[in-house]
Amino acid sequence: QVQLVESGGGLVQAGGSLRLSCAASGRTFSGHRMGWFRQAPGKEREFVAAISWGGSITSYASSVKGRFTISRDNAKNTVYLQMNSLKPEDTAVYYCAAGGRAWTAQTIDVMAAYDFWGQGTQVTVSS
């Protein structure tokens, strides 16, 4: 089991920045591919970003590429999502997720490829 706890959400004006953190406990954190997903009201949960177990490979949704950066610190068992140039359409609950060690480009953005999930943190961007 891996327990995930997100933090860092809040209310920010459009154009502002936030950094989300996801602290992991339980099984060896460095053995897991990590991802961020988000879910806006009335919409399905969608992929935001992912990072390989070692941190050398990342992937982003086209809607956030160039604005968001995913990173991890395996010594601190923490994955981060730096969000810059935020837009009102980024408003959502953001979820951290842990998957297996393997990195498969075809499934990296699929919820079913992740085994453990946090409770989410709300991000609200005002216009």
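**Close-up views of a predicted model**

**View 1. Arginine 67 and aspartate 90 are both buried.** The model shown here is predicted. The two side chains form a salt bridge, with 2.7 Å between the closest N and O atoms. Arginine 67 sits in the loop between β6 (58-60) and β7 (68-73). Aspartate 90 sits in the loop between β8 and β9. The pair therefore ties together parts that are 23 residues apart in sequence.

**View 2. Arginine 38 also forms a salt bridge with aspartate 90.** Here the N to O distance is 2.9 Å. Arginine 38 belongs to strand β4 (residues 34-39). For arginine 38, the relative accessibility is 6%.

**View 3. Glutamate 46 meets arginine 38 in a salt bridge.** The N to O distance between these side chains is 2.7 Å. Glutamate 46 has a relative accessible area of 36%, so it counts as partly exposed. Arginine 38, in contrast, counts as buried.

View 4. The structure holds 3 salt bridges. Arginine 38 meets glutamate 46 and aspartate 90. Aspartate 90 also pairs with arginine 67.

**View 5. A disulfide joins cysteine 22 to cysteine 96.** The structure holds 1 disulfide. Its S to S distance is 2.1 Å. Distant parts of the chain are linked by this pair: cysteine 22 is in strand β3 (residues 18-26) and cysteine 96 is in strand β9 (residues 92-99). The two cysteines are 74 residues apart. Which hand does the disulfide have? The torsion about the S-S bond is about -80°, so the disulfide is left-handed. Cysteine 22 is buried, at a relative accessible area of 0%. Cysteine 96 is buried too, at 0% relative accessibility.

**View 6. Threonine 121 lies in strand β11 (residues 121-126).** Is threonine 121 buried or exposed? Its relative accessibility is 11%, so threonine 121 counts as buried. A polar atom of its side chain lies 3.2 Å from the backbone nitrogen of glycine 9. Leaving aside residues up to four places away in sequence, threonine 121 touches Glu6, Ser7, Gly8 and Gly9, as well as Leu20, Ala92, Val93 and Tyr94.

Terms used:
Residues are numbered from 1 along each chain as its sequence is written. This is a predicted model: local features need pLDDT of at least 70, side-chain atom pairs count only at pLDDT 80 or more; totals for chains, interfaces and linings use all residues. Side-chain values use heavy atoms; hydrogens and water are left out. A disulfide is a pair of cysteine sulfur atoms within 2.5 Å. Helices (H or I, at least four residues) and strands (E, at least two) are DSSP runs, numbered from the N terminus. Buried means under 20% relative accessible area, exposed over 50%, partly exposed in between (1.4 Å probe, protein chains only). A polar contact is a pair of N or O atoms within 3.5 Å; within protein, one must be able to donate a hydrogen and the other to accept it, and residues adjacent in sequence count only if both atoms are side-chain atoms. Contact means heavy atoms within 4.5 Å. A salt bridge is a side-chain nitrogen of Lys or Arg within 4 Å of a carboxyl oxygen of Asp or Glu.
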